[in-house]
Amino acid sequence: MNIKPLADRVLILPTPAEEVTVAGIIIPDSAKEKPLKGRVVAAGNGTADEEMILKADDEVIFGKYAGTEIEFDGEKYLIMRQSDVLAVIEK
């Protein structure tokens, strides 16, 4: 991975939205719900005011409108502040 988030930001690979069909009709991507969980791919070092507690491979839940979508090597990622992450899913 060549992307290293700065400060209190994390790079997240969203869990793909499930394919939904209704009576044989496939719902287009634009009508699908945005996934609300994903996996942390990389994390910054934090700031003087906020320690980075997230780390790579953490599975997280984030807000519906959190983050900025970026595309890198044909894969879509979200980059957001650590404070936009709502919870870590513990296994």
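Gln82 sits in the loop that links β7 to β8 (85-89). Keep in mind that this is a predicted model.

**Exercise 1.** Work out whether Gln82 is buried or exposed, and which side chain makes a polar contact with its side chain.

*Solution.* Start with the relative accessible area, which is 7% for Gln82. Buried means under 20%, so Gln82 counts as buried. Next, look for a polar partner: the side chain of Glu50 makes a polar contact with that of Gln82, at 3.0 Å.

**Exercise 2.** Find the largest nonpolar core and the elements that give two or more residues to it.

*Solution.* Begin with the members: the core has 12 residues, among them Val10, Ile12, Val40, Met52, Leu54, Phe62, Leu78 and Val85. A second, separate core has 5 residues, including Ile3, Val41, Ala42 and Tyr77. Now pick Ile12: neighbours within four places aside, its contacts include Val40, Val60, Phe62, Leu78, Met80 and Val85, and also Val41 and Tyr77.

**Exercise 3.** Describe the chain as a whole: how many helices and strands does it have, and what share of its residues is buried?

*Solution.* First count the elements: there are 8 strands and 0 helices. Then check burial: 29% of the 91 residues count as buried. Last, take the contacts with a separation of 6 or more: 66% of them join residues 24 or more positions apart.

Definitions and conventions:
Residues numbered from 1 in each chain as written. Predicted model: local features only at pLDDT ≥ 70, side-chain atom pairs only at ≥ 80, totals over all residues. Heavy atoms only, no water. Core = buried A, V, L, I, M, F, W, Y, C linked by side-chain atoms within 4.5 Å. Buried < 20%, exposed > 50% of the residue type's maximum accessible area, 1.4 Å probe, protein only. Helix = DSSP H or I, 4+ residues; strand = E, 2+ residues; numbered from the N terminus. Contact = heavy atoms within 4.5 Å. Polar contact = N/O pair within 3.5 Å; in protein donor to acceptor, adjacent residues only side chain to side chain.
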